[in-house]
Amino acid sequence: MRFADAVEFALSSLRKRRLRTFLTASGVMIGIGALVSMISFGKGMQKNVTAAFESSDLFNTVMVMPGGPGSPSDDPDERGAVAEEAGPAEAGKKDAVLDDAAVAGIAKIPGVRSAYPDINFPALVSLEGEEEFRLIQVVPAAVAGSKAVGVKWGRPYASDDEEGVIVSRILIRRLGATDPAAAVGKTLRITSVTIDLGQILSGGLQGLLGGQGLPVSREAHDFPILGVIDTKPFGGGPSPMQNDVLIAPVPAGRIKRLPITSIWDLFRMKGGRLGYSAVSVKLGSLGDLETVRTRVREMGFTTFALADQFDEITKAFYFMDMILAAVGMIAIVVAALGIVNTMVMSILERFREIGVMKAVGAGDGDIRRIFFFESGAIGLAGGAAGCLLGWATSLLINRIVNFTLARQGVPFIDYFAFPFWLFLGAIGFSLLVSLVSGIYPARRAARVDPVVALRHD
Amino acid sequence: MSADPSLIVETRSLSRTYRVGDVRVAALADVTLAVPEGRFVAVTGASGSGKSTLLNLLGGLDTPSAGTIEVGGALVSAMDREALARYRRFVAGMIFQSFNLVAARTALENVELPLIFAGVDRKERRRRAAELLDKVGLAHRAAHRPPELSGGEQQRVAVARALANGPRLLLADEPTGNLDSRTSREIVGLLAGLNRESRLTVIMVSHEEALVREYAQEIVRLKDGRIVAAEGEA
């Protein structure tokens, strides 16, 4: 029997049972559709996150933290930071403090483009009466003007001493202004909370822990809004736009502020000297990462580079893909059982026809091939339709989610990705599943005893 | 293997036993038969005498429990499934009481079936099928499907289909069982004509004594799975 004839046999018998063929193929379509949209969601997330990281220069950033190699990582507030292990040779510099001198030293290391302390302080911000509690981030002008920050409306501050702030679109919205462009030029009031540090240090921690309470005072400063940053989806990361208010170092210095973000920072003060909790170091190129990291460690600090974490991120996405695929697989298994069921029904109905074909000279292989091609055709049609379904589903979800999020100021994001291989792979996989589903029915059809089949009514 | 080259079919001590639950039923027992090439043989007997079982064995649809079948020098009883399929395709053509045409396919397409399994290309098999339909007098009904054809016409299509790959043996299992007496005579006359004109060996199972006596050159009578009498020119 020729290949084309077997295909013709399969298609004509599928045509004869239109409704059942359609329903069975629909099962495959839903299964493949689920799988395709799941995987494309996973790929879309990966693409968006990777693109966000790459566009924000984050791979070129190394975070430097105090607590030299060997000291216990005692800060639960450090976001996901994994302290680098280091050799015993550097144990002598345990007490290095991350102060301005250290920052200047780091900035001089070859390969470092800029180094600036990562300073955050909590404050109340208000715009025309509305109030929000936020962390204010001190960022030098060089960084504020870079594409990593990306001021969209207005402009960044031009120098480290210019009076003014950069705020995020989300904060603007929260403070009641809908148009980010109109917010430029308005006045943002920053009310800081301060503690008399001297009092704490002279009284020791016992006074603090003894329930006397913190000697707190409030102080308000007004700054014009110079620029507004558009909201960056998936933009979360160690630096630099993790906060909603950015301010230049000099005006920030005038604000009496609580120089800590958590109580843990109090324990980190070494001999009364207070260092920064972290310093962001920008590299000229990623190739300098190793040398810069070695030098910084020699100075007695810990480093954290996002580039190191990228393998971990990739692994995490791989894992996520597996979970999404597993969910899709459940639908595929159900669809496969549907094919087996349809094919077995088909054998029972065509029992006599199988007998006739055998009587006129069809071999086991011919019969097997006809049934095999039948289930393959179901899989192929269902797979192709499933790709379309998955694609249509993603369009619909994109629309709904983006419509909802647009009201919160989030720009349009394509949550799905459809690489070419996904379509080809899905159709190929569907064909494979349907052929595997066809094995048992095809074998069973081939084993039909013609004498019994011809006697059958 | 065959002792006599003029014999086309030779069976020795052919038996077929079925198992029905725990009971073994002998449908055919110890049948030894020799059919010379070009003969028209009729097999008669009451229902359940083993006529159809014998024909199914000769047609390669069934395999014997004991004994041997030799057709045209080949030991059919020793063939595997694939060889049996080839045997049915090229050596033994069969027709049945209930015609056994594929209802969804036209007369022409039904005749094409054995040619498809023989791997003949589309153009050639169309031509051969049309020729065969013409031979059985149905050229004008080629595009009709079996439900649109009369019983006699359907059986003619079945005959054309049985002849598709040029078999050496035509096996007919009660070919007139579903037909009126006039049509029955036409069909058996068609078989007799094929037998006469192309020296095609025909083995026909029938219990219509009058037809059998008129056309068959040899009559084999079966009872309870055994040959009770063989009469004719042998």
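Residues are numbered from 1 along each chain as its sequence is written, and chains are lettered from A and ligands numbered from 1 in the order in which they are written. Because the model is predicted, local features need pLDDT of at least 70 and side-chain atom pairs count only at pLDDT 80 or more, while totals for chains, interfaces and linings use all residues.

**Confidence.** The model scores ipTM 0.93 and pTM 0.68. Where pLDDT is low, the predicted coordinates should not be read in detail.

**Chain A.** Chain A has 15 helices and eleven strands; helices (H or I, at least four residues) and strands (E, at least two) are DSSP runs, numbered from the N terminus. Of its 457 residues, 39% are buried. A residue is buried if 20 or more other C-beta atoms lie within 10 Å of its own, exposed if 12 or fewer, and partly exposed in between, with C-beta atoms placed from the backbone. Two residues are in contact if their C-beta atoms, placed from the backbone, lie within 7 Å. Among the contacts in chain A with a separation of 6 or more, 84% are between residues 24 or more positions apart.

**The contact between the chains.** Chain A brings 17 residues to the contact and chain B brings 21 residues. On the chain B side, the elements below each supply at least two residues.

| Element of chain B | Residues |
|---|---|
| Helix H2 | 81-90 |
| Strand E6 | 92-96 |
| Helix H3 | 107-117 |

H2(B) gives the most to this side, with five residues. By type, the side of chain B that touches chain A holds eleven nonpolar, four polar and six charged residues. Ala, Val, Leu, Ile, Met, Phe, Trp, Tyr, Cys and Pro count as nonpolar, Asp, Glu, Lys and Arg as charged, and the others, Gly among them, as polar.

**Strand E6 of chain B.** Five of the five residues of E6(B) are buried. Ala92(B), Met94(B) and Phe96(B) point one way, and Gly93(B) and Ile95(B) the other way. E6(B) runs parallel to strand E7 (residues 169-173) of chain B, and five bridges join them; two strands pair if DSSP finds at least two bridges between them. The bridge partner of Phe96(B) in E7(B) is Asp173(B).

**Leu54(B).** Leu54(B) lies in helix H1 (residues 51-58) of chain B. Leu54(B) counts as buried because it has 30 C-beta neighbours inside 10 Å. Leaving aside neighbours within four places in sequence, Leu54(B) is in contact with Leu28(B), Val31(B) and Val43(B). Val31(B) is 23 residues from Leu54(B) along the chain, and their C-alpha atoms are separated by 8.7 Å.
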